[in-house]
Every structure is written in structure tokens, then in C-alpha cells.
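Open your viewer, and let's take a walk through this one together.

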Amino acid sequence: MDAVISTAPRRHQWLDQLIATPAAEVRALTEGTASIHPFGRAEPSDAAATILFGLGPEDPAVKAFDQGTLEVFVQYRTATVRVDRWQRDRIALTALDLMTVVQRVAPHNTVIDLHRRFAYWNAWAETLVVDRGLDLRREYWRSLSLTQDIAGEAGLASRRLLPFWLSICSEAGLRGRYDESYLTVGLLGLRSLPLGEEAANEEAALHGLARWADAQRPAKTRFLREWHVLAGAFPRDATFWAELVTRVLTSVEEEIARQTTRARRTFPAAEWWREELNIVTGRRVRSRGHHLEPPPRERLREVLADIDARLPFHMIVPRLEPLIQGHERYATGTGDTFYVVRTACNIGMRLLREGADLASRASAARELGRLAVNFEPTNVYAWALWRDALAWEGHLEAAEFVGWESIRLFPENPQWRNQLALLLGDQLDRPREAEELLHDCVRLFPYDPVPRTQLASLLASRLNRPEEAESILREAISLFPDDLSTNIIARYQLASILRRAPTRSTEAKGVLAEAQRIERAHPGVASALRQRSDRPPVMIPKNTKTPHASANVPEDTIELGKSRRALFRMRNASPKSREAINLEFKKYLEKGEYPGYNYYVAAAVGLVTPATDDAIIATAFLAAEREGSAGALDRLLGRVEGVDAVVINLACASRGDKDAALRLQSWMEEPANDLSPRDHGLRAIAARTTSPLPADFVGDMLAASLGMSLVA
Amino acid sequence: MIFSRPDLHADLVRLRSSRYAPDRAFGDNFEFEERVGDARRDAFEAAGVPVGSVLALQADHFRMHVQGALHDHIPVTFTAVNHDALYAPDIDGNQKIVRIECLDDVLTKIGRSFADIEDAVKSGHRGDAIVAQLLDQWRLYPGARPAFVAFKSEVVTDIGAPDWLLRLRNRMGLGHYDPAAGQRQAFALMEYLVKDVIAEWLPLETRGAKRPFAFPTVLESRASPYFYPGPRDLPSSFALDLTDPARNPIREMLHVRITYRVDHLVKVGELVGLLPPVRLGAARDRHLDRLRRDGGRVDFGAPMSSDVDE
């Protein structure tokens, strides 16, 4: 060994350069050109961890590193807008290295900014999901998971990301939105939730594992491996685990049974889990005897009874508030979010239906809707409640954008378009836009009678075009001879239109008689229809432009909803008005907000030219479509998995691709992911589509994964 | 390696005239490199941003062309353009090679500590779930970075020693692993067969990977003063031994990315700072002496220790 002549400085000389020019030096570190001997060949994360080791938070170098890191992230984000593939990959690699640095050394202000401005950073990170290894979104989320304590200390609600981690777990795999590597991030996020009053996060992590196992159906060995890793992190005895796993399984199975109307009651991993822990099926959950218990069901029944009894709202509040707080506390503490969402939706819907003091009830329902969406961002009832309550309260513009955002997030389900059309036509007094939306819905869901009858109603009642309405209704009756509801509704509507013309009253009577005959023959259908039509009264809007702040809708939800509406308007604009609308969006695009989704919107209407190797699958699809070769779509299929692969197979199969049809068939034969509305929507489309799916529809389905506004 | 771009040549002259030992070493590595042929040099000079900085271009080349962005990337290291550095002989597949992997990033990414992985490895359960999780995480490393390895036969004594990690770090020239005072860095010893590498290379051959192994050149990593190029007529490349002037240097090679299996992870250990410092100039000059002697090329390279400040 050499004679030891100490040349290793205690404080690395690079730190002086870092203090002088923070961003330039952090960038040099990440890009491999910093003067950091002997760490030049090291990973930037290893180099940073070593050079900064032992320095206190007030050290100027530590502060400079923090400042530089945030600045470099902003520089990379800005530089990512519309670059070629090489430059994109270059930025992705260096940004990923910098994200790993953040995971290792957690620069304070950078970490807080990454938490606070979730939509801003996430919208960029999701444009750099280049492949399974080079995935900035996953590494960004991992950074969040590892630094939740810091965010909590900075004043952000400490366990606010719990629903986010749960949703990542359930979407991580071949049947979800993300690849399986996201499971580690989701579980890490749950394990790392700041504790507060809780003793540990094992229960939340078990919920994540259970949701993953139900949604993704892993093989037994794969499931048990994850379980063993998790159990190893929390040394507990077998009794403890048996108790807790029983509790988690009971909750998840209850939700599955509820969502499937008891058609399914469990999932395969539940059995393996019970075997492992010698849990007898049907074992009852014992009370824990401390604060982590959901409020008893009687409390919900009492609140619902108060609402049904039309008590003044201020008399309902004393029971309502503690009930919701109790559920929220339970969900946040345990990760068992089903109760709080179910309770919020039940009470919220009931508040909109019953009682006096409408403004207070609508306001409470709106907050319940928001709460439910926060806990279950894919819960369709929660989204509907949120939108409807906003409208009832008079926040019509905010309600509209929530409506557009739900169309954006769940494009496979026609009901979002139908419901927004009602809002546009009735309350926002924009019947022509409602008409366009319904026409669009008829085009995309030709097998669904509802948008046709709704369109006919709009044409007849708001647009004074009874002839067109009549034609649509007659078409609906002939297209859906076996759909009794449609036959009854369409005939009633048709009779009503015909009655307006004095010369056609006999014809109207005949149509009405036929509707009544069908009703008599099928009393069950008639009764269901009557219940459905028992809709609450429509509030007259006080103000259609209420400020968003008072509606308490996150700005990012509004902005993404706006982008979706802009897409709709640009697609449907007359040639005369198109130029002005396009120009307006182009200006918005240049601001660099929501670069993923807005780039898709721009590509979808021809404002930018997408490329087949775009990292954003939705725009790569548009490019492949424009290229027009089967090979282009095949290459794209080679890059994607999960829900995106299903969408592309669906598109290809609808155009006669036999291989895609086989792949789709095999997916259809797998058990449905019952807790995923997108899975359900795709299955409905796959089962009923008989003509080629429009490219814009396919693009919208692929773009549904972009943009995320509710986490933060 | 002689640059054809005047700006790079000028920068190289600047580096080589520096009294700062690492800069001098970076410059010397380019100057002495004999296994980068004209075709690869031209590709190197043409790619990346025209910044006039050898080190910036090297870092970018490494990132984009050696490591690459995509998992199915074929590093330029193993393609025809790197003809002069491809390792052509068929070596026996049934021999072991070893590699040191730093664990700190992956342990952070899966939320585990060194104690967790140490326990998992000690327990002897080769199917251990945590080891599998660790390997899954490694598979997510972006691109297809070539791996530096040594033959186990040449380091078998070191591997068996209680201070095996420090010994391997020094013999394999891994001077960039240099923990701060009191800092602990975790590492794994990976061990597998040449035929494991060949099996992973075979499907890549039709996509342009000419050989599974290559000699490392100056272009195969970020700038490292602990790398030393070898004379092209030597049948092997040698790692720069950081500390011991007496022992034989060990061969170092690069191979295509492989997917680790649980049984590839042999043992884990930690380096705890401070480590004995390395005198860069002296270590490089010792290595040069050995290369000149073994290669029969007294004109190869140039000593640096008397020209730099350490």
C-alpha cells in the first residue's frame, strides 16, 4: 500500500463552485462534467451523497445544492417541450439521474416543491415515460414516496397521498395503467406515510397489496413473494397478521361483492393469503377497541333518516360532521377507504334529493363529492356527485369543467357525455353545444340508445327542431327493438312531438298506446323507468360564472377540463371559427402547462405533428394512424402493456386485425377488474363494437392516462 | 486516439498540460488510447453537442451511445464500429467472472437497508424475496450499460479475505467509490459464468452486437482517472490497481448487459470512510511501467507524477 499522504479534503473543493453557481454545477454533476474527483465516474447520486455527507442543513453548499437542483429541474422541464427524440432521451436520462439524486439526498426545498406542485411536475414527468427503465414518472413518484415526512413537516397534510399510493398499487400490472414496477413505488409510499398518531403503516400497505392482488391477479408465487417482503418489514406474530389480514380481506371482499352485485365475492390471492396464515374462511373481524374503527352503520342510518325527514340542514350537521370525520380518520389511518367513499356518496346523493335549505345541502354534498373523489379518484359515483352538487350550488362553470374532466378521464363510458349534455343544455343554456356533444356520443357509441333519445329531447324541446327529433326517435326504435326502456321512452317522446302538430294527433295517440302497451306487458321495466325519472328539481342558476375558488375545485382540474373542452370545440368548430379557436389553444400550449395532455390535444387537431416514437402513447398512436401501415401499430403495441395495449388491440380488432381480435378475446375471457370503471368501459366497447373505432376515440382513450390533477 | 476536430484537439492539449492530476489523466487516456479506430472516433466527434469540450462530449457519448436510453439499446461498444476493441477470442464459457455493484441507490429505491439485504444473503435462502426485489430494481436501470468485470480466478484470494471489498475495490480500480468520513457505502459481489453472458448476447447478435465482450476504451465510461488504456497489441486490458505496486494487475473486460439471477449475488459488504487515500499519479505511473514491460512497448504512454500536483 502507498505511503499515506492525506489528499482527501474533508470538504470537497467542488462545493465552492457549487455555492458560486448552483444550477450550473448541479447540471454539470448530472451530465457528467463536474469537477468532482475522485467521483467523476460514479453515479451522480453516489457522488452527491458522498460529497454532501455530514454537512448540516444550514451549510451554504447544502442550500446551494437544493437551489441548483430545483433550478435544473425547471430547466429540463422547459427544454423538454417539443424536442426531437435524441434530445428527449438525453433529457430523460439526465433528469432521471437527478431524480435519483433527490431520492438519495432529499434536498429540502426541491422536495417540497415536487410535492406542492404535483400537477406541474407530474405533467412533465409523464412525457418522459420512455421505456420500462427510463420512466421519469415512476421515479418522480418514488421521490414523493420517500420524502413524505419532509412534506408533512412543511405543512402539507401528512397522509394526503394515501389514496394515491393505493390507486398506484391497484393499477400496477398487465391489467392496469402502469407496469408492475410501480407496485414497489405504491407499497413504498404506503409504508412511508408519516405516522402521526398511527403506530405503523402495515395495514395501509396490506390494503395496497390486496388491491393489487385483486386487480392484477398475480400468480401465487408472485403474490406470496410480495407478501413475504412486506411481512418481513414489520416483525409481528402470526396472530397479529391473521387478525389484520382478515380485516383487510373482509373490507376488500365486501367492496367487490357490492360492486359486482354479489356476482363475485372474493379473489384468488385471498385464498392463498388465508392458507398462509391459517385463517378460516368466514372468520369474523374483531373490534380493535381503539380509535381505528369505522363509525357504526347506525350512525349513517341516522343521518340518512334525518335527511329523509327533511330536517333543516343545521339540524343534520351535528350528526353528519362527526360521522364523516370518523370515516375520514379511519380511512386515513388504515388505508381502508371504501367506507368513507361509500358513506360520502350515499349521504351526498341523498342531500341533493331531499329537504329544504338547498344551498347548504348542495354545499355539503359538493364537499362530500370532493372528499370521495380524493379518496377514490376512479369512483364514478363520486365524480357524478361532485359535478352535480357544484351545479346545484350554482357553480355551473366549475361543474362544467368537472364534467369535461370526467369525460377526459373515463372516455369509454357514454354516461359522462350524456350528463354533461344535460348540464350544457339545461342549466348553462348552451343547447347547441349539448347537441354537438350528443351527436359525438351517438357516433362513438352507436349501440347505446340513451344519447339518441336525449338528443331527440334536446332537439324538440330546446332547439325547436321536432322533425329531426322525430327522425332520431324512429331510428332509435328501429335500431333497438329489444331494448324495452328505449322503446317506451322513445315512444313517449315521439308521441309528445307528434301531438304538437294538430294534423298528427291520431298518429300520436297510436304511438302513445303502443308505449303504454309495452309498459303494461313489462311492469318491472316501467317501474324502473319511473324511479329513474324521479329526478330532483333543476335549480335556477344564480350565477354561471362563479369564481372557482368558492367552488373549491383544484385549479388543475379546471385547467385539464378546459383543455378537454378545447379539444371538443376544435374538433367540432366550423371552418370559419376554427382558426381563432386553434390560435387560442396554440398560445395556451406555448405556456408549457400540462405538456403531456395538451400536446395530445394539439396533435389530435393537427396543431403539431406527432411522431411514432413519441414517449406519449396517445400521440404515438395518432402518428401511427397517420402513417397508415399495420406495421406502425404493431411497433406501438410492442411498446405498451396494460390498459393501453387493450385499447390498441381493440382499435386493431375493430378494423379486422385477426391477431388483435384473438388477443382481445383472450383479455375478455379473463375476469374483469371490477373496481376499475375503465376496465368495465373497455369491456362494453369490446363486446358491442361492430365497426372500426374512430381514431380520435382511440386517441382519447389512450390519453385518459395523462394528466393528474387531484393529488397534492 | 487522434482527434480530427481542432476544437477537441485544443481541449485535449489543455487537459494534458494541466497540473491538476485528474485532468492530466483524462487527457492522457485519450492521448494513449489505441483501441478506438477511426470509424468510432469519427462517430464520436460527429455525435452530441458541438461544445468543444472533450469531457462533455465523452459524457454525452457515454450516456447516449454506450449506455443508451432504451433497454433494447445495443451499446456502440459491441458493434462493428468498435472493431478494434471487440474481444474476438472464444473464451471458455465455463469460467466465472465477478463484478462489484454499488447497492445504495437500489436499496433507497426499494426502501430497504443494508442490514435487510445482509440478512437476506446470510440466511442462505437463494430465493429470498428481498434479493429478488433488489434484482427487479436493477433491471429497471435505464439503457443497456456494459458491465466491467474481472475473472474470478485472478481475484479468488481477495474474495476470500475478510477485507474482500476493499481489496476488490482497489484491484479493480474502482477509485470513484470513496466514502466520506463515517459514511457507509453498500456493495454486492456478483458472480456468474461467461456462458451466462454469451447466452444473453446471442439474441443480440442479429441486432448488431458483434461480440459479447470488449476491451474497455476511454469512451466506455464517464471520465475516469483510474482507467488506463492498454497498448493495442496486448491481448488483454488491465485494471489500474489503486494501491499495491507489487501484485499483478488483473484483466478487465466489458460485456453486454445481463439479467441478474438471485444466485448471482454472492455476498454483500460495506465500505466505511475514510479509506486510505490514493496517489493518482503514482498509481498511474506504476500501471504504465507494468504495461510497458508486459507489452514490450517502452514508448507506450508517458508518466505523469512529476508533472502534476497531488
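Start by selecting strand E1 (residues 96-102) and strand E2 (residues 147-151) of chain B, which pair in the antiparallel sense over two bridges. Here two strands count as paired if DSSP finds at least two bridges between them, and strands (E, at least two residues) and helices (H or I, at least four) are DSSP runs, numbered from the N terminus.

Before moving on, a word on the model: it is predicted, so local features need pLDDT of at least 70 and side-chain atom pairs count only at pLDDT 80 or more, while totals for chains, interfaces and linings use all residues. Residues are numbered from 1 along each chain as its sequence is written, and chains are lettered from A and ligands numbered from 1 in the order in which they are written.

E2(B) and E5(B) run antiparallel and are joined by three bridges; Ala147(B) stands opposite His255(B) in E5(B).

Next, bring up the whole sheet. What is the order of its six strands? Reading across, you pass E4-E5-E2-E1-E3-E6 of chain B, an open sheet with antiparallel pairing. At the edges are strand E4 (213-214) and strand E6 (265-272) of chain B, each of which pairs on one side only.

Which helices lie on this sheet? Select helix H6 (residues 114-122) of chain B: it lies across strand E3 (184-193) and E6 of chain B, running at about 145 degrees to E6(B). Such angles run from 0 to 180 degrees between N-to-C directions, with axes as lines fitted to C-alpha atoms, for helices over the stretch in contact. Then select helix H10 (residues 194-205) of chain B, which packs on the sheet and touches E1, E3 and strand E5 (253-255) of chain B. The direction of H10(B) makes about 80 degrees with that of E3(B).

Zoom out to see where the chains meet. The contact takes 46 residues from chain B and 49 residues from chain A; two residues are in contact if their C-beta atoms, placed from the backbone, lie within 7 Å. On the chain B side, helix H4 (54-67), helix H5 (104-110) and helix H7 (129-139) each supply at least two residues. H4(B) gives the largest share of that side, six residues.

Cross over to chain A and select helix H19 (residues 358-375) and helix H20 (residues 380-393). Residues making the contact include Leu358(A) and Ala362(A) of H19(A) and Trp383(A) and Trp386(A) of H20(A).

For the last stop, select helix H21 (residues 396-409) and helix H30 (residues 555-572) of chain A, whose axes come within 7 Å and cross at roughly 70 degrees. That makes H21(A) roughly perpendicular to H30(A). Among the residues in contact are Phe401(A) and Trp404(A) of H21(A), with Ile558(A) and Leu560(A) of H30(A).

Definitions and conventions
Angles under 35 degrees count as roughly parallel, over 145 as roughly antiparallel, 65 to 115 as roughly perpendicular and the rest as oblique.
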